[in-house]
Amino acid sequence: MAFPVVLYFLVFKYLPMYGAVIAFKEYTVGKGIWGSEWVGLQHFRDFFQSYYFWRVLKNTLILSFYQLLFGFPAPILLALLLNELRHEMFKRTVQTVSYIPHFISLVVICGMVVDFSSRDGLFNSIITFFGGESSALLSEPGNFRTIYTASSIWQELGFSTIIYLAALSGINPELYDASMVDGASRLRRVWHITLPGIIPMIVILLILRIGGLMEIGFEKVILLYNPNVYDTADVISTFVYRKGISESAEFSYTTAVGLFQSLVNFILLIGANRLSKAVSDNKLF
Amino acid sequence: MTIKRTIGEKLFDSLNVLLMILLIIITLYPLWHVLNASLSDSNRLMAHSGLLLLPDGFNLDSYKLVLSNPSILSGYRNTLVIVVLGTALNLLFTILGAYTLSRKSFMLRNPIMLAIVFTMFFNGGIIPTYLLINNTLHLGDNLLALIVPGLVSSYNLIIMRTAFQGISESLLESARIDGAGELRILWRIVVPLSMPVIAVMILFYGVGHWNSWFSAILYIRDRDLYPLQLVLREILIQNSTDSMTTSAAMGDKEAIGESVKYATVMVATLPILFIYPFLQKYFVKGVMIGAIKE
């Protein structure tokens with residue numbers, strides 16, 4: 001019964017891995033994968049020496065780092081704050097509302113962001129209300145990272161909180177009672193009981209995040225960016241998509257670029273897992 | 001036992017509540033803004049600036065335009081086909097794979113599992129996958145190109161396998177003694193016992209299909225086959241509302257275009273928001289199942 005599933009993984013996951021050998025060849029559709037000539041590491045060299053290399057690498061890392069720095073702690077903070085709410089109904093209302101944006105499709109969310117960022121859009125109305133100048137926000141390279149990160153947090157904050165709330169509900173309530181008897185303040189209880197209770201979950205999710213550091217959500221970048229902001233918005237995956245499929249068809253070159261990204265990712269994941277095993281005894285695999 | 005709250009704690013509680021109210025406003029206002037803009041008169045909307053707390057000059061013209069647009073309608077139809085057919089096939093394959101891989105008696109269980117997990121962390125990349133589907137399998141301009149390459153998600157397969165492993169082995173053993181074959185055991189015992197996790201899978205896969213747009217960009221050229229999200233991308237991101245506003249005079253086009261965009265957002269989002277309260281508990285459950293470590 002496993003046969004169809006094994007076949008699926010062979011064809012759609014492992015065949016492309018085999019197909020990635022074209023990164024070391026000069027692939028043309030006519031000659032096929034086998035018939036094309038070997039060129040060794042030529043495409044990798046070309047990429048490392050090109051003007052684009054630093055641009056896309058820098059953008060990929062900075063955008064991911066922003067997500068990590070602001071996007072990662074946000075749901076933890078929200079979970080801790082929700083946990084301190086006394087009114088059960090209110091708590092549930094906040095949660096329910098905060099999930100909503102997760103259910104709206106990425107295309108629609110980006111459509112809204114693009115529209116709100118236009119010269120006479122909502123964001124500019126707010127900016128001018130506070131005495132600022134209105135401008136086409138998404139055509140300035142300086143704004144892209146902020147808009148990208150902020151809108152991602154807006155969309156996923158509530159939903160990412162679920163997992164931490166689940167971890168919080170697993171903490172033994174007797175610990176709180178005991179600490180109250182001992183006269184621990186609320187802050188101390190958060191620090192000594194609540195936070196340690198969710199640390200394992202935090203570490204696991206952090207490892208996963210670091211493993212995906214190079215795989216910034218490029219679908220969203222494609223939806224939001226335009227040639228004016230390539231300087232800050234173009235990441236490795238979007239570069240691969242443009243040079244390999246949408247604008248030109250440099251199959252071998254872009255496969256090499258994609259392979260470089262996958263490799264770095266893989267190394268980061270294994271490194272993060274090792275590190276975490278060493279310092280905290282938590283590991284993913 | 002109640003301990004009296006200190007002034008500091010009371011202050012914290014009030015600030016916390018205020019912060020949460022602010023969060024609610026920030027989350028809901030953009031949606032409220034879009035709703036009001038979609039119900040507004042297009043010319044007055046153009047002149048309007050600032051927050052929209054209520055529609056400006058209530059009318060439903062933009063909805064009429066959107067709902068009579070052939071692209072939106074065919075987009076809805078294609079997406080419906082993809083969601084229903086895709087999710088059904090996803091389920092079938094995931095259940096078959098998860099069941100086999102959950103049986104301890106299956107010799108190749110561990111190597112196959114390892115090979116599947118490996119694909120979660122390493123892949124051939126966009127280009128080789130694109131070449132395989134487009135040039136080797138010739139699935140271009142075929143809705144199957146949006147379904148077949150994603151038949152099984154490794155992540156979902158692991159969740160399902162974990163659920164199947166929770167079913168008591170002696171139950172299956174007694175069925176086997178009664179002469180039931182593996183397929184019969186799967187459909188008559190394992191699947192009915194796993195309905196909650198299957199519901200979660202239907203949701204994960206279904207919502208994935210509903211939201212997906214990038215694979216359609218790669219493989220679909222024929223406009224009649226565009227899924228809804230691709231039509232939305234044209235209207236919302238690439239700003240092409242021409243197909244809906246051709247009959248309007250030049251000056252009005254821009255104005256109509258704006259309110260049509262907002263109405264499009266509503267038409268594409270309302271169905272989800274309506275069923276969302278019913279889905280919520282399954283999503284919450286799904287996230288938690290996904291969090292279980294093996």
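**A guided tour of the predicted model**

Begin by selecting Arg242(A) and Glu247(A), which form a salt bridge whose closest N and O atoms are 3.8 Å apart. The model is a predicted one.

Side chains of opposite charge can pair when their charged atoms come close.

Remain on chain A and move to Glu37(A) and Lys31(A), where the side chains meet in another salt bridge, with an N to O distance of 3.8 Å. Glu37(A) is exposed, at 55% relative accessibility, while Lys31(A) is partly exposed, at 48%.

For a pair in chain B, select Glu169(B) and Arg176(B); their side chains meet in a salt bridge at 3.9 Å, N to O. Glu169(B) is partly exposed, with a relative accessible area of 37%, and Arg176(B) is also partly exposed, with 26%. Over all chains, the count of salt bridges comes to 17.

Which residues have the most contacts inside the largest nonpolar core? Select Phe144(A), Met20(B) and Trp213(B): these hold that position in a core of 166 residues. Helix H14 of chain B, residues 250-291, gives the most to this core, with 13 residues. A separate core of 7 residues lies apart from it, and includes Ala20(A), Ala23(A), Ala256(A) and Phe122(B).

Centre the view on Trp213(B) and display its contacts. Leaving aside residues up to four places away in sequence, Trp213(B) touches Leu106(A), Val107(A), Glu219(A), Ile222(A) and Leu223(A) in chain A, and Gln229(B), Leu230(B) and Arg233(B) in chain B.

Among contacts in chain A with a separation of 6 or more, 64% are accounted for by residues 24 or more positions apart.

Switch to a surface display of chain A to finish. The accessible surface comes to about 13400 Å², and carbon and sulfur atoms contribute 66% of it. If the charged groups are coloured, the mean positions of the 21 positive and 20 negative charges of chain A lie 5 Å apart.

Key. Residues are numbered from 1 along each chain as its sequence is written. Chains are lettered from A and ligands numbered from 1 in the order in which they are written. This is a predicted model: local features need pLDDT of at least 70, side-chain atom pairs count only at pLDDT 80 or more; totals for chains, interfaces and linings use all residues. Side-chain values use heavy atoms; hydrogens and water are left out. A nonpolar core is a set of buried Ala, Val, Leu, Ile, Met, Phe, Trp, Tyr and Cys residues joined through side-chain atoms within 4.5 Å. Buried means under 20% relative accessible area, exposed over 50%, partly exposed in between (1.4 Å probe, protein chains only). Helices (H or I, at least four residues) and strands (E, at least two) are DSSP runs, numbered from the N terminus. Contact means heavy atoms within 4.5 Å. Accessible areas come from the Shrake-Rupley method with a 1.4 Å probe; for residues, only the protein chains shown count as cover. Lys and Arg count as positive and Asp and Glu as negative; His and the chain ends are not counted. The place of a charge is taken as NZ of Lys, CZ of Arg, CG of Asp or CD of Glu. A salt bridge is a side-chain nitrogen of Lys or Arg within 4 Å of a carboxyl oxygen of Asp or Glu.
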